[in-house]
Amino acid sequence: MDHARSTIQNLFRGEPRTYTRFSLAQQMDGDHSQVEMKLGNPEMEEEMGNSFGDTTTTRIKPRSNPRSTCFMITGTLLVFLIGFLIGYLAFRGKVDITNNICSYGTTLPSCQTIPSDSEDIPEAINNDVAQVLSLAELKDQFTTKLTNSNYSDRIQKIAVDGHEAGSDRDDQIARFITGEFKSYGLDIWNNEQYVTLQQSGSDNKVTILENGVPADSYTTARYLAYSASGSVTGKLVYANYGKKDDFNELKRRNIAVNGTVVLVRDGKISLAEKVAFAESENAVAVLIYRDQKDYPNLNKGDDFFGHVHFGSGDPFTPGFPSFNHTQFPPAKSSGLPGIQAQSISANFAQTLLNKMNGEHAPSDWEGSFTSYKLTGDDSLKVKVEVNNVFLEKKLYSVFGVIKGLVDPERYVVVGAQRDSFGPGATKSAVGTALLLELSRALSSLVKDGYKPKRSIVFASWSGGDYGHVGATEWLEGFMSMLHLKAFAYINLDSTVLGSKKFKASASPMMYSLLKTVLKEVKFPGELSVYQKYAESDDWESQILVPMSMDDASYPFLAYSGIPSISFSFTEKDDRSYDFFGTQLDTLSRLISTLNEDEKLRPLLDSAMNVAGRMVLKLTHDNLISLDCERYSKVVSAFVVRFNRYIREVKAANLSSQWLFSANGDYKRAVGSLKKDIINSDLNENNMAKAINDRIMRVEHQFLSPYVSAKDAPFRHIFIGKGGHTIQALLDNLDLLKKNKDAVNVDVMKNQLALATWTIQGVANSLSGDVWNLDNEF
């Protein structure tokens, strides 16, 4: 009977399962220890032989008795039946346990098989509080744990005076975060980096010269990091927001920018882009102010901090990491400006504009002042003195991890910057408080029985205000392997800036996940965030905004090809805030922006719920919740825009055939993936991993392989910056339509060819095995 029961159980159980325990090392490229344990009963073997030994004795077979034969057959059947029932009941118990952890309410089944016998359960999950939780139960328990969150105390602890990257105060906060991670039971490690930052050596000064005589001046301790230092003088030109279109408008009006000091207002694009565009037009300096039309809550006498490196990370180690004082050959980022840049107050900007007496600016270039002129006469000059100095600083990035059960070497990263030029309540303190509370709540869920399939990495970055230095140096340090392991990045910086709108910037692969979560999370009141802020089915146009270079998610997406997302409750149509980079970025200012103290706590809870539910979804289901199909719309939209220039394309002896083919191949690759998902047993770990690997390749494959990460770090063809991007190709086509002599057709042909093959490469990578490509495409 025991043998029958064993046979039945082995028949149902199939092959023994394995469980891999993975320890995230102190350094991500270190050795990983693995322990493999067999789950399930070992295969039983019986040696069967002649119990009488080797004998040649002949036994006389007794005469058969019909009644005895009947009893023997009946007994045999009875024994078999009893064994079958025992085996069935054992298997049924096992299935009941398995069914308890199947996620429901999803398109695809998501189950993890755990043996019913407690002695077969690995030590990592065999504890007194272990219990099997569905995704819906996890979400409910997570929301419940938010009631213990103490956001305000954390924000006040961090947002005290300035805590610039590499300062003693920054190090103190890093130690505090390390202690908190340790108290939650997380595995902790630090990443140490030696980077070059820039600070003000003495006050910077802007002087108005009339006929060579000083007429007025402005002195400030504020500075724009990575500006060129020195003193320059030039004629004054007003260029609106300093966008490329704005400089093109000045050209159209025959206003020369060469050798001038350009005055621009903050907004629309990053500070670094404003300076880069001005430098490309041969300006000698840039002055940037915040107009009250764009920043109505900011006093006209306030100026601000910022950085003007047209890139990310340490500009003196472009494309490679800064660590351990390693001596690389002299290098400098191509995005490091060669001209002076300085922030000024709105009051002094108004003084400058009042001195100008040239042509009136276009009406849509006007802000809150009464006078906007494009130039002054030759007697009006401006002298700009910048005294910034470079310093080497040691930065710490602090990490805490919850290890995954099934696929621990795949992880979602949740991060926030902790440094700030000023108090940084909204930019760094809110994000850091949410990071700590999120890690506390999720680690508490683990203690209650949550067993994520994949790991969760919590990261506190330094150097954020200098251009995401800490995060970028980490990405550069592990560039060759992170895209194979980190499958998503969730940014917590600046998540609560107001209450009137909800805005998000994300990889298209995360749109579906965001939509699902926004429908679940309650805005303070009865409505969900989705119902509150998406007034129609066209939710993307109301909630999604382009990801800017200032976004902390940008280097993850555009440099490393990791699907990323940032989001904010805000007062504006973008994710800007009047007090960023100023001494007024305090908790009291944030509360006054919300009009009442009671609004802050519910908004922070909602932000926590958005981030937490994304993490739970990404680490619970067998299939990673990233939507490859969404990029089909992105590629098709590009093809539609390309078709608008079909006449110019044909006139340049170009063909759109291969672009159409690549677009179709990508769609077919997505269809092939969907078919494989439907026909696969996603409960089988190796099968799920194989499909997840195909999904994880997509974003990274959109990084152009034809440009250097050192010279063009933001290699993503749709979201990046540079001549390899889709936007650069479209700009050339637009220019070709206006003036064919202004475009190098050979360069444009190269752009089209490389962009087309990049898209084709994504389709090939997504499709699966290389030997199937010729048959499928």
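This is a predicted model: local features need pLDDT of at least 70, side-chain atom pairs count only at pLDDT 80 or more; totals for chains, interfaces and linings use all residues.

Visitor: Is Glu180 buried or exposed?

Guide: Glu180 belongs to helix H5, residues 168-183. Leaving aside neighbours within four places in sequence, Glu180 is in contact with Arg154 and Leu436. Its relative accessibility is 18%, and the limit for a buried residue is under 20%. Glu180 therefore counts as buried.

Visitor: How many salt bridges does the structure hold, and how far apart in sequence are the partners Asp378 and Lys235?

Guide: The structure holds 34 salt bridges. In the one between Asp378 and Lys235, the closest N and O atoms are 3.5 Å apart. Asp378 lies in the loop between helix H8 (346-355) and strand E12 (380-386), and Lys235 in strand E7 (residues 230-238), so the bridge ties together parts whose separation in sequence is 143 residues.

Visitor: What is the accessibility class of Asp378, and what is that of Lys235?

Guide: Exposed requires over 50% relative accessible area, and partly exposed is the range between buried and exposed. Asp378 has 63% and counts as exposed. Lys235 has 26%, so the class of Lys235 is partly exposed.

Visitor: What separates Arg601 and Asp605 along their helix?

Guide: Arg601 and Asp605 form a salt bridge, with 3.3 Å between the closest N and O atoms. Arg601 is partly exposed, at 31% relative accessibility. Both residues are in helix H17 (residues 600-620), four residues apart, so what separates them is about one helical turn.

Visitor: Which helices are joined by the salt bridge of Asp676 and Arg694?

Guide: The side chains of Asp676 and Arg694 meet at 2.8 Å, N to O. The two residues are 18 apart in the chain, and the pair links distant parts of it: Asp676 in helix H20 (residues 657-678) and Arg694 in helix H21 (residues 685-701).

Visitor: Where do Asp676 and Arg694 stand in relative accessible area?

Guide: Asp676 is partly exposed, at 27%. Arg694 is buried, with a relative accessible area of 10%.

Visitor: Which residues have the most contacts inside the largest nonpolar core?

Guide: The largest nonpolar core has 150 residues. Phe458 illustrates the packing: beyond neighbours within four places in sequence, its contacts include Phe181, Val398, Ile402, Leu435 and Leu442. Those with the most contacts inside the core are Leu442, Phe458, Ile490 and Tyr666.

Visitor: How many aromatic pairs are there, and what is the angle between the planes of Tyr289 and Phe369?

Guide: The structure holds 36 aromatic pairs. In the pair of Tyr289 and Phe369, the ring centres are 5.8 Å apart. Planes under 30 degrees apart count as stacked, and this pair is stacked, with an angle of 20°.

Visitor: Where in the chain do Tyr289 and Phe369 lie?

Guide: The pair links distant parts of the chain, 80 residues apart. Tyr289 is in strand E9 (residues 285-289), and Phe369 is in the loop between H8 and E12.

Visitor: How is the pair of Phe369 and Tyr372 classed?

Guide: Phe369 is buried at 8% relative accessible area, and Tyr372 is buried at 2%. Their ring centres lie 5.6 Å apart with the planes at 15°, so the pair is stacked.

Visitor: Which rings have the charged end of Arg290 over them?

Guide: The charged end of Arg290 is 5.0 Å from the centre of the Tyr295 ring. For the Phe304 ring the distance is 4.1 Å.

Visitor: Which residues is His483 in contact with, leaving aside its neighbours within four places in sequence?

Guide: His483 is located in helix H11, residues 479-485. With a relative accessible area of 18%, His483 is buried. Its contacts, leaving aside neighbours within four places in sequence, are Ser560, Met696 and His700.

Note on methods: Residues are numbered from 1 along each chain as its sequence is written. Side-chain values use heavy atoms; hydrogens and water are left out. A salt bridge is a side-chain nitrogen of Lys or Arg within 4 Å of a carboxyl oxygen of Asp or Glu. Buried means under 20% relative accessible area, exposed over 50%, partly exposed in between (1.4 Å probe, protein chains only). Contact means heavy atoms within 4.5 Å. A nonpolar core is a set of buried Ala, Val, Leu, Ile, Met, Phe, Trp, Tyr and Cys residues joined through side-chain atoms within 4.5 Å. Rings of Phe, Tyr and Trp (its six-membered ring) pair if their centres lie within 6.5 Å; planes under 30 degrees apart count as stacked, over 60 as edge-to-face and the rest as tilted. A charge sits over a ring if NZ of Lys or CZ of Arg is within 6 Å of the ring centre and within 35 degrees of the ring normal.
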